[in-house]
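Subject: Handover of a structure and summary of findings

Dear colleague,

Please find below the structure that I am passing on to you.

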Amino acid sequence: MRKMILAVVSNLLMIVIPLLGNPKLILDWKILLMIFGSIAMWLTQPPVSVEETNEKQSSDRFSVILILAMSALGVIAPIIDWAYFHVDKNLVNWITFAGIITLLFGIFFRAWAVNTLGKFFTATVQIKDDHQLIQAGPYQIVRHPSYTGAFLAILATSLILNSWIGFFIAFIAMSYAYYVRIGIEEKELTGKFKERYIEYKKTTKMIIPYVW
């Protein structure tokens, strides 16, 4: 139930409210696709809570808040650009289809990562007493595949809407958020697993295979 509430609130804040100046666009198929994607993302991951955020602030350092804020910016920016500054809102081209594929792949890749990590996947940075270093499935490809999936899903919004300004803003915002989050998370993981994690870092990139 909490996941659905978070999905509804998220869609209201990031999609519906920015479109109130042109409400007929809320039912545009592109927007409905994004709402579907947002709901799928929320339903395939553990819900975040105020209690957990406050309880884990020493390890998480409120990085979950940073990610949520930058994700919102990454979605709102292209929507505003498309809704109020694009002349042809019905434009459909290869970039639109690339965005749809990117969105679906991002949702799948993140869900795969969350499912593979199981109980060790949490919204905030925290290390459990029985924590294990998972290197199977998508964790063989990158060290933080859930972030890869979310990154792709956020960028897909700009592609679907053909918003290059939105794409640039989303890319910078999410790169910053994940740079901060990964730095915090990997400090905790290195403290827990020591040389095992250091060796893992040497052989696997963070969120973009062979690049970063």
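This is a predicted model: local features need pLDDT of at least 70, side-chain atom pairs count only at pLDDT 80 or more; totals for chains, interfaces and linings use all residues.

Nonpolar cores

The largest nonpolar core has 39 residues, and the members that touch the most others are Ile15, Leu19 and Tyr178. Six helices each supply at least two residues of this core: α1 (2-16), α2 (29-43), α5 (63-85), α6 (94-117), α7 (145-160) and α8 (164-193). As general background, nonpolar side chains in soluble globular proteins tend to be buried together.

When its neighbours within four places in sequence are left aside, Tyr178 is in contact with Ile67, Tyr147, Ala150 and Phe151.

A buried serine

Ser63 belongs to helix α5. Its relative accessible area is 2%, and Ser63 is therefore classed as buried, for which the cut-off is under 20%. The side chain of Ser63 makes a polar contact of 2.9 Å with the side chain of Asp60. Apart from neighbours within four places in sequence, Ser63 is in contact with Val125, Arg181 and Ile184.

Aromatic rings

How many aromatic pairs does the structure hold? The count is ten. Two of these pairs are described here.

In the pair formed by Phe108 and Trp112, the ring centres are 5.9 Å apart and the planes meet at 25 degrees, so the rings are stacked. Both residues lie in helix α6, with Phe108 and Trp112 four residues apart, about one turn of the helix. Trp112 has a relative accessible area of 32% and is partly exposed.

The rings of Phe167 and Phe171 are likewise stacked, because their planes are at 15 degrees, with the centres 6.5 Å apart. Helix α8 holds both Phe167 and Phe171, which are four residues apart, about one turn of the helix. Phe167 is partly exposed at 24% relative accessibility, and Phe171 is partly exposed at 37%.

Phe167 and Phe171 also belong to a cluster, in which ring pairs link them with Tyr147, Phe151, Trp164 and Tyr178.

With kind regards

Terms used: Residues are numbered from 1 along each chain as its sequence is written. Side-chain values use heavy atoms; hydrogens and water are left out. A nonpolar core is a set of buried Ala, Val, Leu, Ile, Met, Phe, Trp, Tyr and Cys residues joined through side-chain atoms within 4.5 Å. Buried means under 20% relative accessible area, exposed over 50%, partly exposed in between (1.4 Å probe, protein chains only). Contact means heavy atoms within 4.5 Å. A polar contact is a pair of N or O atoms within 3.5 Å; within protein, one must be able to donate a hydrogen and the other to accept it, and residues adjacent in sequence count only if both atoms are side-chain atoms. Rings of Phe, Tyr and Trp (its six-membered ring) pair if their centres lie within 6.5 Å; planes under 30 degrees apart count as stacked, over 60 as edge-to-face and the rest as tilted.
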